[in-house]
Amino acid sequence: MKKIFRYLILLASLSLHAAAWGDMADNGVECSVVMEKTRFDARETFPDFKLVFTNKGEKTVRLFDDFYPLKDNGPNIFIKIFQKQTRGQKKEAAWYNPRYQIERGRFLNFIALKPGEKHEVLIKDAYLLMLYLKPFRRLINGENYELEVSFHDGYGDPGVRRKYVGRKDFSVVDQSPWR
């Protein structure tokens, strides 16, 4: 009986703290990733890609333009590459996390997306940003991967934090002329 009450109290406390985690409500904006190439050799540089934000809702939506806040640093997005394994499992192979904090001023830039409108953000030279994890510290030929890109928008709507996630599958294939 005590275990049941513990679980009920735990569920109640989690539901009360849900507002602190941020509002993940759908505002009609879809985030997707478009890669230059979805099949490439492991010896090639990781291809550039675009984040595409599409407003599929009925109202105009504001996005906080925080993709490249500092000219000399990388983009303010989170990138993860997962190696696809059997039975639908994924293993993290590489990641990028912006390692800087920005003090926001009075002037913030926003992008207004009208219904049906798209906004594209080009992410160049991602291979320079990525940190590859052990044991191989690189992508492996003959494997399938998933690219996951996250953008956190805490200023688009006042008091609402949103996380936009785009995913794209790609393959690393051996394109050696000797095979």
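Residues are numbered from 1 along each chain as its sequence is written, and side-chain values use heavy atoms, with hydrogens and water left out.

**Stop 1: the whole chain, coloured by confidence**

Select the protein and colour by pLDDT, the predictor's confidence in each residue, from 0 to 100. The average is 79, and 77% of the residues score at least 70. Next select residues 14-25, over which pLDDT stays under 50. For this segment the model has eight contacts beyond four places in sequence, a contact being heavy atoms within 4.5 Å. Where pLDDT is low, the predicted coordinates should not be read in detail.

**Stop 2: surface and interior**

Display the surface. The protein exposes about 12,200 Å², of which carbon and sulfur atoms supply 52%; accessible areas come from the Shrake-Rupley method with a 1.4 Å probe, and for residues only the protein chains shown count as cover. Of the 179 residues, 35% count as buried. Buried means under 20% relative accessible area, exposed over 50%, and partly exposed in between (1.4 Å probe, protein chains only). Of the contacts with a separation of 6 or more, 71% are between residues 24 or more positions apart.

**Stop 3: the nonpolar core**

Select Phe 46, Phe 49, Phe 53, Ile 81, Leu 139, Leu 147 and Phe 170. These residues have the most contacts inside the largest nonpolar core, which has 34 residues. A nonpolar core is a set of buried Ala, Val, Leu, Ile, Met, Phe, Trp, Tyr and Cys residues joined through side-chain atoms within 4.5 Å. In soluble globular proteins, nonpolar side chains tend to be buried together. Now centre on Phe 46. Leaving aside neighbours within four places in sequence, the contacts of Phe 46 are Met 35, Phe 40, Ile 81, Ala 126, Tyr 127, Leu 139, Leu 147 and Phe 170.

**Stop 4**

Move to Thr 54 in strand β3 (residues 49-55). Is Thr 54 buried or exposed? Thr 54 is buried, with a relative accessible area of 10%. Beyond four places in sequence, Thr 54 is in contact with Gly 28, Val 29, Glu 30, Glu 117 and Lys 118.

Glu 30 also takes part in a salt bridge with Lys 56 (3.3 Å, N to O). A salt bridge is a side-chain nitrogen of Lys or Arg within 4 Å of a carboxyl oxygen of Asp or Glu. The pair links distant parts of the chain, 26 residues apart: Lys 56 is in the loop between β3 and β4 (61-64), and Glu 30 is in strand β1 (residues 29-35). Lys 56 is exposed at 56% relative accessible area, whereas Glu 30 is partly exposed at 38%.

**Stop 4: further salt bridges**

The whole structure contains nine salt bridges. Select Lys 124 and Asp 48, whose side chains meet at 3.5 Å, N to O. Lys 124 lies in the loop between β8 (118-123) and β9 (131-132), and Asp 48 in the loop between β2 (39-40) and β3, 76 residues apart. Lys 124 is partly exposed at 46%; Asp 48 is buried at 12%.

Asp 41, Arg 43 and Asp 174 may be selected together, being linked in a network of salt bridges.

**Stop 6**

Select Lys 90 and Glu 146, a salt bridge with its closest N and O atoms 2.8 Å apart. Lys 90 is in strand β6 (residues 90-96) and Glu 146 in strand β10 (residues 143-157), 56 residues apart. Lys 90 is partly exposed at 42%, and Glu 146 is buried at 10%.

Finally, select Gln 83 in strand β5, which is buried at 14% relative accessible area. Beyond four places in sequence, Gln 83 touches Gln 89, Lys 90, Lys 91, Ala 93, Glu 143, Asn 144 and Tyr 145. Gln 83 and Glu 143 are 60 residues apart in sequence and 7.3 Å apart in space, C-alpha to C-alpha. Their side chains make a polar contact at 3.1 Å. A polar contact is a pair of N or O atoms within 3.5 Å; within protein, one must be able to donate a hydrogen and the other to accept it, and residues adjacent in sequence count only if both atoms are side-chain atoms.

Conventions:
Predicted model: local features only at pLDDT ≥ 70, side-chain atom pairs only at ≥ 80, totals over all residues. Helix = DSSP H or I, 4+ residues; strand = E, 2+ residues; numbered from the N terminus.
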